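Open the model in your viewer and keep the sequence panel beside it. The stops below say what to select and what is there.

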Amino acid sequence: MSPRRAAVVAAWLCVLAAAGCIAARARYVTDLSAFLPSHPTEAQRLLVEQLRDGPASRLLLIAIEGGDAATRASLCAALGRRLRADREFSSVGNGAQISAGRDREFLFAHRYLLSDAVSAQRFTVAGLEAAMRETVADLASPEGLLLKSLVPHDPTGEMLHIVEELSRIPAPQTRDGVWVSPDAERALLIAQIAAPGSDTDAQQHAIEAVRTSFGAVLREAGRTARTVELRIAGPGVFAVASRASIERAVVRLSIASGALIVMILLALYRSLPALLLGLLPVATGALIGVAAVALGFGAVHGITLGFGVTLIGEAVDYSIYFFIQSARSSWKERLWPTMRLGMLTSVCGFASLLPSGFPGLAQLGAYSISGLVAAAAVTRCVLPQLLPRGFAIRDLAPLGARIASLLERAGAVRGAARWALALALAGAALAVLVVDRATLWDRELSSLSPIPPAEQRSYALLRADLGAPDALELVIVSGPSLEAVLEGAERTARALAPLIESKVIGGVDSPADYLPSLATQRARRASLPAAEVLRANLDRAAAALGLDAAQLAPFLADVQAARTAPLLEPQDLAGTSLAAGFGALVMHEGRTWRALMPLRAAHPGARARIDPAPIRAALSSLAGAAQLSVHLLDLKRESDALYEDYLHEAMRFSLAGLLGIVVLLCVALRSVARSARVLAPLVLAVLTVAAALALCRIELTLLHLVGMLLIVAVGSNYALFFDRRGPDRRGAGHGDLEQRAGAGRETALTFASLAVANLCTVIGFGLLSFSGVPVLVALGTTVAPGAFLALLFAALLAAGA
Amino acid sequence: MHLLAARRHGETSFVEQHFLKLLKRPTESYGELIYDAPDRLVKRTIEPRPETLSVSGDELTVQRGGRRRVLDLEAHPEILPFIESIRATLAGDLGSLERAFDVEFAGDLARWRLTLRPRAPQVAKTVSQVRIEGTRDTLLEVEILETDGDRSLMTLREHPAP
């Protein structure tokens with residue numbers, strides 16, 4: 001081995017080892033982060049936070065179906081008991097009143113701090129009389145009778161008032177002691193996972209815990225429960241399912257496309273060393289690509305690895321060109337510049353993805369650029385050093401000659417006629433696109449969602465069953481302390497109250513419903529009158545109503561005790577169901593506290609949207625408070641707007657990438673006309689594919705757009721080879737017979753290598769169409785036919801030129 | 001009992017008095033009581049405060065001033081004597097009555113009296129007995145005695161035939 005050869009191979013091995021180390025130590029993620037912006041606005045940041053760790057992201061909605069009602073109810077109750085004992089869940093609700101006793105005790109003990117009816121006016125003669133008249137009327141109904149024993153302590157009905165306020169938060173109906181769906185066919189349970197929503201491992205573990213517990217409950221119940229089934233839905237289930245489907249897709253695709261391409265190459269080369277050598281550029285490119293993404297982004301998204309399959313398609317081309325045509329001694333001088341230009345146009349296309357604010361695209365760009373450069377470099381520098389002496393693969397000239405003769409027939413048609421046909425096709429495709437322009441693009445972020453439709457349906461069903469607020473619209477109050485955001489939440493609730501009256505919204509939940517701010521508690525405590533004042537007022541009010549004031553002595557004592565009782569802090573809620581309700585609506589990170597206030601639609605059940613304008617107007621009256629910010633966040637609208645931003649950005653960047661490719665070609669080929677000839681088949685392929693997708697009623701997403709960029713990037717290789725062939729032939733026409741035969745053989749080899757390379761690309765991308773992951777499917781269905789058409793059009797337009 | 005069971009539908013007006021030791025005078029309310037076989041009972045109070053209580057199966061719905069609440073009877077057995085005593089009697093459903101109460105029958109068809117004592121200890125804690133008086137297939141009076149000495153008396157009067 002010559003020193004130079006040894007040096008090249010050693011350098012390559014060192015780079016490989018380094019990249020291997022980086023890739024092995026890289027962090028791989030499969031959550032939503034690939035779809036979330038890297039430089040978010042305040043609203044986007046709140047959006048991302050809510051999607052990742054908000055209370056809704058930690059909810060598991062669970063239903064028990066099948067069997068008879070009594071079996072479902074007893075299983076649901078037993079499952080609830082088990083899950084409540086499991087520390088993985090911060091709260092479990094199924095209608096069973098487990099903590100009702102403690103809740104009542106707590107509410108009763110602190111009623112003068114918790115009731116929003118408490119004010120100085122409440123304890124005047126008129127206030128007491130009005131409140132006690134209500135209480136007396138309540139006693140006439142069976143419901144009021146439940147509270148009768150409380151009346152001597154609570155004649156103004158604060159307890160009933162608190163319970164009624166809390167029960168405004170809607171809950172499903174109860175049958176046999178557990179929540180059931182409106183048609184009573186499913187017993188329901190909600191479990192909140194303690195771990196944050198972004199911790200997919202914890203979510204998966206919690207979901208398994210539910211299944212395990214259900215299995216145990218079933219066994220306890222015995223054989224009668226065999227027909228009963230468990231249904232689990234929720235963001236956690238989505239996260240786990242999408243991670244599984246991405247992982248499955250990546251593994252399956254890598255194996256399948258790898259195997260297919262190995263088989264094709266083996267069939268072609270009929271040489272194991274050639275096959276192994278041929279895979280070196282691809283393997284190096286993939287490894288370097290992963291390492292580059294890990295270095296540049298800190299974490300590699302699973303989707304990026306899926307895209308990586310696409311790299312195989314292009315990188316394998318390099319070794320194919322090399323092997324098939326390297327027999328010629330002039331490879332370095334004649335073929336390599338074309339290959340290099342093809343590689344550079346691809347890099348140019350991918351480079352337009354790099355500045356994208358959509359991390360998924362930026363990663364794809366970085367991965368592809370570094371991978372392609374590495375693959376090309378290995379092909380150019382390392383492969384020639386590794387070729388064994390006397391290396392040869394099967395002669396593919398006959399295959400190329402057959403393709404060439406096919407093209408000869410196309411060449412019989414006059415060039416002008418072919419260009420006219422091409423123009424007609426382009427015109428037709430454009431017409432389709434213009435006609436369909438209104439429905440061309442899918443503008444919802446969910447179009448990129450890797451969540452299987454069945455899971456989405458399950459989730460929608462259980463949400464409707466539980467009558468849960470969608471938590472799609474929420475007001476977020478941010479501030480420097482818990483007290484600040486609780487006060488902010490109270491002011492927000494007051495500002496929104498008129499909108500509840502006017503039915504713009506159905507209601508708003510607030511953490512202050514569970515625990516009022518200290519300021520509010522202090523004000524309520526201060527409004528409680530001194531003993532002698534209260535006694536005098538009570539005597540007069542009781543006389544007016546015919547109440548026996550002597551029996552209300554416990555009330556006087558309780559109010560006096562409340563005047564000096566300490567204010568309530570969050571830890572005082574411990575052990576009650578209020579703690580979960582409060583905890584779900586308060587977030588704390590660093591120095592920032594947030595109170596979450598989900599809005600409920602005025603007409604439950606209907607999927608009517610809440611009109612944001614009056615809400616913003618009401619909230620604007622709150623502006624100006626120190627260190628407090630109040631935002632209305634519409635998760636759906638905000639995430640779709642985010643996606644729309646991505647789409648526009650991607651369009652701009654794609655056009656920039658296209659422009660870059662045009663400039664690069666013009667500079668490299670030193671001719672605008674030649675550049676136009678190279679680009680024409682590519683543009684035609686893109687238009688045809690876009691029109692075909694539109695005709696198939698497939699709404700285009702961001703990834704279709706990226707796919708079109710890839711068609712240009714990959715297709716430019718083909719077009720450049722045909723372009724190179726043109727001048728060659730003209731040159732050969734003036735040479736002697738031997739040169740002419742050589743040129744014919746070269747043409748055949750070019751056709752053969754292009755056909756094989758194209759087949760590999762179509763296989764690589766074609767397999768993506770079957771991945772079941774929407775982003776990969778979109779990419780595959782665009783690039784696979786596009787790459788084929790690019791080659792076909794390039795060949796047809798160049799034939800006989 | 002089977003005379004009662006034969007009635008499919010009934011409407012009566014009622015006057016109800018509550019004698020509470022908390023109050024020097026009894027409270028008084030009136031309204032109408034509507035029964036549909038087999039298990040639907042609606043008690044509509046008109047004065048002093050409009051309120052509708054309807055029971056169907058195990059579900060109790062309370063409607064008052066635009067607010068509607070649904071309670072599960074099984075979750076609130078304390079309410080049961082106030083509902084089931086009247087409903088099961090109207091339905092002529094001795095089985096249901098005997099499941100919830102010790103039943104004692106006195107008098108004759110022209111003037112009978114049922115004395116019901118709650119069986120469940122949880123219920124017996126608040127209600128000591130329910131007395132129902134009637135003639136043939138018609139209820140006349142329902143009196144509920146609570147353990148703390150409070151009681152309510154409901155007097156029923158058949159609507160004149162329309």
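This is a predicted model: local features need pLDDT of at least 70, side-chain atom pairs count only at pLDDT 80 or more; totals for chains, interfaces and linings use all residues.

**Stop 1: a loop in chain B**

Select B:Arg136. B:Arg136 is exposed, because 10 other C-beta atoms lie within 10 Å (exposed means 12 or fewer other C-beta atoms within 10 Å of its own, buried 20 or more, partly exposed in between, with C-beta atoms placed from the backbone). The loop holding B:Arg136 runs between β9 (127–135) and β10 (138–146) of chain B. Helices (H or I, at least four residues) and strands (E, at least two) are DSSP runs, numbered from the N terminus.

Residues are numbered from 1 along each chain as its sequence is written, while chains are lettered from A and ligands numbered from 1 in the order in which they are written.

**Stop 2: strand β1 of chain B**

Select residues 9–19 of chain B, strand β1. What does β1(B) pair with over 10 bridges? The partner is β2 (residues 27–36) of chain B, in the antiparallel sense. Pairing requires at least two bridges found by DSSP between the strands. Pick B:Ser13: its bridge partner in β2(B) is B:Glu32.

Now show β11 (residues 151–158) of chain B. β11(B) is also antiparallel to β1(B), with 8 bridges joining them. Here B:Glu16 has B:Met154 as its bridge partner.

**Stop 3: helix pairs in chain A**

Switch to chain A, with its 28 helices and 13 strands. Of its 801 residues, 46% are buried.

Select α25 (residues 672–695) and α28 (residues 774–798) of chain A. Their axes come within 8 Å and cross at roughly 140 degrees. Axes are lines fitted to C-alpha atoms, for helices over the stretch in contact, and angles run from 0 to 180 degrees between N-to-C directions. That angle makes α25(A) oblique to α28(A) (under 35 degrees is roughly parallel, over 145 roughly antiparallel, 65 to 115 roughly perpendicular, the rest oblique).

Colour the contact residues (C-beta atoms, placed from the backbone, within 7 Å). They include A:Leu682 and A:Val686 of α25(A), and A:Leu789 and A:Phe793 of α28(A).

Finish with α11 (residues 272–297) and α14 (residues 359–386) of chain A. These helices pack at about 145 degrees, with axes 7 Å apart.

Notes: Two residues are in contact if their C-beta atoms, placed from the backbone, lie within 7 Å.
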